[in-house]
Amino acid sequence: MPDQLEIDNLTVSFGAEGAPPVLDGVSLGVAKGEVLAIVGESGSGKSMTAMSVMKLLPRGARMKAGGIRFDGVDILGADERTMNRIRGDRVSMLFQQPKRMLDPTATVGRQVAEPLRRYAGLSRHKAADRVIELLSDVGIAEPERRAKAYAHQLSGGIAQRVMIAMALAGEPELLIADEPTTALDVTVEVQVLRLIATKRAELGMSVLFISHDLGVVSSLADRIAVMYAGRIVEVGTTDQILRQPQHPYTRSLIKCATLARELDGSLFVIPGDVSSARSITKGCRFMPRCPVVEEAHLHDSCDAEEPPLSGCANGQVSRCWATIETRRSA
């Protein structure tokens, strides 16, 4: 059975022809009812992947792919009218910094009612009643009062709950959540994650969840795809990724998420930054930051050619010469 969402060899570029792409050959699938998390540092290409699925890329972006399909619909070839029917109805998106995404000139009730009137065809009166139900359903106290409020009158946690109510108003088949807990305190973050998990179970919807933190997605995701410098470097079940990570970058992200410490007591950090990797045109993009390349004596291999995304076990795949050599010698 094909995945509900299929992304095949997606590449996105900006600027002059020949400029390093921000996404380079990304292929992913999300099964119906599944939660797939994409994790990686800021600048890895996670949000750009989500925006590509929704065809909401910034002006000047050049996108090409073998295909992007949602439930058999060709997203890549869809016109704007078709996309407008898909967005908000069959596929909804949650953004980071919710207070900035809400219209400051419209009340909460009016904004939550918009998808109800546009996609469900509810009258103004029935939409207003449904807004109160939705706000209550996502755990907002005094929903009648909150429906009359404006964005500046909401806390970050309440604003994100409002965004979730808007995203779920049309009972979407796929929810794309782009760093939905960024800037929220830990308590509110847990509440939002539980709410998404609850709504996923109630509606049977799929979720594409984007985060920079493996710890955030560990209790929510069925599978995890690790992204680095516009490339997928590892994919596996949540248990595989957290317990048996194959790529050095994945292991480094786990150390960051668990607040691991160096021998001198300082917190572990990944040296360098992801932006420099985009200029690497051959070899492994993670090599300049990799703690394994020297100890495994793989400098020549890692410098000469980028490793393929190859199978490990039980469907887990990784893009690392050290992992490949370990399997060859086993």
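The following legends describe an overview and several close-up views of a predicted model.

**Figure 1. Overall dimensions and composition of the protein chain.** The protein chain contains 13 helices and 13 strands. Its C-alpha atoms occupy a box of roughly 70 × 50 × 40 Å along the principal axes. Of the 330 residues, 49% are buried. Among contacts with a sequence separation of 6 or more, 62% join residues 24 or more positions apart.

**Figure 2. Helix α1 and the residue that follows.** Helix α1 spans residues 46-54 and is mostly covered, with seven of its nine residues buried. The buried positions are K46, M48, T49, A50, S52, V53 and M54. Just after α1, K55 adopts a positive phi of about 55 degrees.

**Figure 3. Packing of helix α4 against helix α5.** Helix α4 (residues 108-119) and helix α5 (residues 124-137) pack with their axes 9 Å apart and at an angle of about 115 degrees. The two helices α4 and α5 are therefore roughly perpendicular to each other, and their crossing is right-handed. On the α4 side, the contact is formed by V108, G109, V112, A113, L116 and R117. These residues meet R124, A127, R130, V131, L134 and L135 of α5. Sorted by class, the contact of α4 with α5 comprises eight nonpolar, one polar and three charged residues.

**Figure 4. Buried residues of helix α4.** The buried residues in α4 are V108, G109, Q111, V112, A113, P115 and L116. An α-helix has 3.6 residues a turn, so residues three or four places apart point the same way. The packing partners of the buried residues of α4 are α5, α6 (143-147) and α7. Just after α4, G121 takes a positive phi of about 70 degrees.

**Figure 5. Packing of helix α7 against helix α8.** The axes of helix α7 (residues 156-168) and helix α8 (residues 186-203) approach within 10 Å and cross at roughly 15 degrees. With an angle under 35 degrees taken as the criterion, α7 and α8 are therefore roughly parallel to each other. The crossing of α7 and α8 is right-handed. From α7, the residues G157, Q160, R161, I164 and L168 take part in the contact. Their counterparts in α8 are V188, Q191, V192, L195, I196, K199 and L203. By class, seven nonpolar, three polar and two charged residues make up the contact of α7 with α8.

**Figure 6. Surroundings of Q160.** Residue Q160 lies in helix α7. Q160 has a relative accessible area of 0% and is therefore buried, the cut-off for a buried residue being under 20%. Leaving aside residues up to four places away in sequence, Q160 touches L94, F95, P98, P180, L184 and V192. Of these, V192 is also listed among the α8 residues in the contact between α7 and α8.

How values were computed. Residues are numbered from 1 along each chain as its sequence is written. This is a predicted model: local features need pLDDT of at least 70, side-chain atom pairs count only at pLDDT 80 or more; totals for chains, interfaces and linings use all residues. Side-chain values use heavy atoms; hydrogens and water are left out. Axes are lines fitted to C-alpha atoms, for helices over the stretch in contact, and angles run from 0 to 180 degrees between N-to-C directions. Helices (H or I, at least four residues) and strands (E, at least two) are DSSP runs, numbered from the N terminus. Angles under 35 degrees count as roughly parallel, over 145 as roughly antiparallel, 65 to 115 as roughly perpendicular and the rest as oblique. A crossing is left-handed if the near helix is turned anticlockwise from the far one by less than a right angle, and right-handed if clockwise. Contact means heavy atoms within 4.5 Å. Ala, Val, Leu, Ile, Met, Phe, Trp, Tyr, Cys and Pro count as nonpolar, Asp, Glu, Lys and Arg as charged, and the others, Gly among them, as polar. Buried means under 20% relative accessible area, exposed over 50%, partly exposed in between (1.4 Å probe, protein chains only).
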